[in-house]
Amino acid sequence: MSGAVGIIGAGAFGTALASLVAGKGTEVHLFAEDPATAEEIAAQRTNERRLPGFRIDPGVRVSADLGVVTGASRLLILAVASPRVAEVVRALGDVTTGRHLLVHAIGAPIDVGKTVSDLVRAETSIKRVGVLAGPALARDLAERQPCAVVVASPFDEVIAQARAALDVPARLRVYGSHDLVGVETASALSGALTIAVGLADGLGVGSGPRAVLMCRGVAEATRVAVASGAKERTFGGLAGLGNLLVRTAVTSGDRSDDYRLGVEIARGEPLSRKETEGSRAAVQGVKLAEKLGVRARILGAVAAVVHGGVPISEAAGRLADGVAEEE
Amino acid sequence: MYTAPSAAGTLNHPDPLPAHALSLTLAHGAGEFLYISAMAITPASLRADSHEQHPHDRQGRQGRQVKEAENRLAHFNAERETIVAEVERRVLESRAAEAAVRRDASLEYVLNDVAFQEIRRLERGPSSSGEKKRVGEWKDLARHLAKMTEEEKRQRLADIVGTYTRDICGNFNPRVFRFATRLLPALISGMLAPGSIAQGISSLGDLSGKLIIDGPLERIRACTDRGTLVVTPTHSSNMDSVVFGWSLHRGGLPPCTYGAGKNLFTNPFISFFMHNLGAYRVDRRLGNGLYKDVLKTYSQVLLERGYHSLFFPGGTRSRSGGVEKRLKLGLLSTALAAYQKNIADGKPQRRIYIVPATINYAITLEAETLVEDYLAEEGRHRYIIEDDEFSRLGRIVEFSRRIMTLEGALVIRYGAPLDVFGNRVDEDGESIDARGRRVDPVTYVTGDDGRVQDDPQRDAEYVRTLGEELVRQFRRLTVFMPTNLVARALFDRIAAGVGTRDVYRLLRAPGGEAPIEKVREDVARLRTLLAQRPELGAVAERWAEARPGDLIDDALRMFRGYHTRPVVDREGDRLIANDLRLLYYYQNRTAHIAPELLA
């Protein structure tokens, strides 16, 4: 059996992961949607636009042809930017078969109650699906910092194959879980909560209220996740709390898009991006919570501020009132 | 022109009786049922219906004919001993292999478990005095296990497996058969007034208008060219297997073998038909792992050998009256196992197809017993009901007469076939993905070397998702009868009046009634919703466009006559629920439609 892994998407995360994993001897095929990027990686071993200054392991084979990558690898890691997911998955449907195992690393749902794994099952003939999430930032992987992620799938086979391909001792530890919906939801909602913490930091709230916000956020996200079928403890793991901690860490120079969006809005600065995975997750999360009949004030506040044009002071006021009333 | 198989479905009989004749008879309601059964024993009378037209079938039948060769059941008797030997061999080999690697799978452990379960069952559960005597044997086994040699244990295990296999497979006994054939005519003349026989004959002609078969029959027939069918219907009544046998024949599909509860075989009369319709026996009282293993292996071997099979994946009749939402995956898993064996044997083209189906009655034979059992929350303890309406021939006769006089009161709806992974299949029987592209199903279980990779956890997950797909299909394929719609509307009104949907509280609350005007509105709303949401099911075609008032009148007619009291009556401009339990039962068919959707 082929132990090769196909990494779909040569963004910062995909490139760093491909390089790290190739370094330990795994056969890696990297798909770059943009032919120029593929050429740059092949010729220069760099991806300047996404990971400036980073040298890519010579073992990484790169292609701008999706079929080449899926033909060479049974195990696929989907790591494209979330707005590209629908289109890429649709294209994957034409070049994959039932033999493939697909693990996605996308942190936003497709629609209310429709996860990326649902999309993969609807658009391709792949049945063995999983999700990868956790506090492994692209730059940490690139710098060979010790990182950990969780791969969740109802199939032991997917977890085992992902571990065999991606686990790099002392650098990247891959944990396993059967809670697919739990990890998908945690991964998405942790991004939304990251924005909330970014907003609080931008406003300069004290560390006490900041801690309360994070605790309440975890409780709220857990409620939503459990109502959609997740296990209660999953959000407290790498994909939920782990993600939230790394992306909101004051010491980390590598701030996430979600965190930056929160800070910029709070400070009234020009926005680097109008929306992020986390902001989309917040909007979907609010709708999901509504559908499931679960309270979700923090997600509601994030969605209102980012997408609803509600002034942050008003949203913060509502949140504070909510604390007094309910919790 | 379609030609029925001339010798079909003869599971345990050396001198095959045409199953189409039998299955036809069985569906005709018991009046006709008994009469034609008697005819069926006279070979000369059997050819009569094989060329008749069935103008009411939705799908044209002029398509493909079912080849003689496809009816594997006709060869069952010749293969029976081989099958028994194969099942025994596989079970014993796999047990021996497990015992060699796992301490807790040692033969001593396996035998002890069987003995323990049997002793507990015989001492606590209901069983005949003859069976009770066997407690001693099992106790003896448990006592001596520690002193037995490995060879003795192997022999004992082989004995038990052999007994189980033969019990499942059915032991055709010519004496029982002769007894049953002698008994039949006497039964008929004793039970039926001459008038009903005449009535029975006259109703034969327009039978097909009353019992409707719907679905992509042509596509299902095409699949029999490629492989083996596993028909998986919803389960409401013990009449189901009989009605299905008829509908398969009627739909131009080959007969199926199926597992019937052993309790149904206790009545020699019913047992006779069960055997001849291709049934094998499932003793649901035997909960031990070894028995289940034998049963599953038997089913798998039958599928590998191309015997079309029928499973009720709900495991038992729906107690609540609702469409199954949790399935028993044990027998279903044998479809995937058989397909993998086919691949491993170099026959990947020999496919296995899952055919979801629903059986929809306007009234259910055993409704009273079933819902009582459900409400008593005794489902678990009384998993096997031995004293229900099905055990009383008089009730079957009554029920059959009733349902035969109601136009369109029974609809069997087949769904499009699926592969064992839950993929749809196209007209050629090839698997296709959700977007219609062809998929090679072999790729789900083979490695890059093309060989089957053994992975029970993966298989369990495939079967679980197949089960989920079947649950979705069951809902989509549900056909709502006027009784279901009116019961739902009236139940909702009563529940709203009392302020709870909790049936136990409703049963204690007085005044189960509502203005007919409101029920009419609710029925119309329910119908509009169903028209927009086909995944929730569909209103029976006959009533899809009918005026709500007419639909209610028809429901009232159906509710009268069979049940002890009419479930619902009309008094002036009000509908009165006479029996809230039965109202609940009939409305439960719509239970998967959340009340919010109707708000």
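The model I am reading is predicted.

**Entry 1: domains of chain A**

I looked up how chain A is divided. Domain 1 covers 5-178, and domain 2 covers 185-326. Next I checked the spacing. The C-alpha centres of domain 1 and domain 2 of chain A are 26 Å apart.

Then I looked at where the two domains touch. On the domain 1 side, 19 residues are in contact with 21 residues of domain 2 of chain A. I asked which elements of chain A supply at least two residues each to that side of domain 1. They are β6 (128-133), α6 (138-142), β7 (147-152) and β8 (172-177). β7(A) gives the largest share, three residues. I also sorted this side of domain 1 by class: 11 residues are nonpolar, five are polar and three are charged.

**Entry 2: a helix pair in chain B**

I moved to chain B and picked helix α16 (residues 367-375) and helix α24 (residues 580-587). How do their axes cross? They come within 9 Å and cross at roughly 95°. Angles of 65 to 115 degrees count as roughly perpendicular, so α16(B) is roughly perpendicular to α24(B).

I listed the residues that meet. From α16(B) I noted A367(B), E368(B), L370(B), V371(B), E372(B) and L375(B). Their partners in α24(B) are R581(B), L582(B), Y584(B) and Y585(B). I then sorted the contact of α16(B) with α24(B) by class. I found seven nonpolar residues, three charged ones and no polar ones.

Notes
Residues are numbered from 1 along each chain as its sequence is written. Chains are lettered from A and ligands numbered from 1 in the order in which they are written. This is a predicted model: local features need pLDDT of at least 70, side-chain atom pairs count only at pLDDT 80 or more; totals for chains, interfaces and linings use all residues. Axes are lines fitted to C-alpha atoms, for helices over the stretch in contact, and angles run from 0 to 180 degrees between N-to-C directions. Helices (H or I, at least four residues) and strands (E, at least two) are DSSP runs, numbered from the N terminus. Angles under 35 degrees count as roughly parallel, over 145 as roughly antiparallel, 65 to 115 as roughly perpendicular and the rest as oblique. Two residues are in contact if their C-beta atoms, placed from the backbone, lie within 7 Å. Ala, Val, Leu, Ile, Met, Phe, Trp, Tyr, Cys and Pro count as nonpolar, Asp, Glu, Lys and Arg as charged, and the others, Gly among them, as polar. Domain bounds come from an automatic or database domain assignment.
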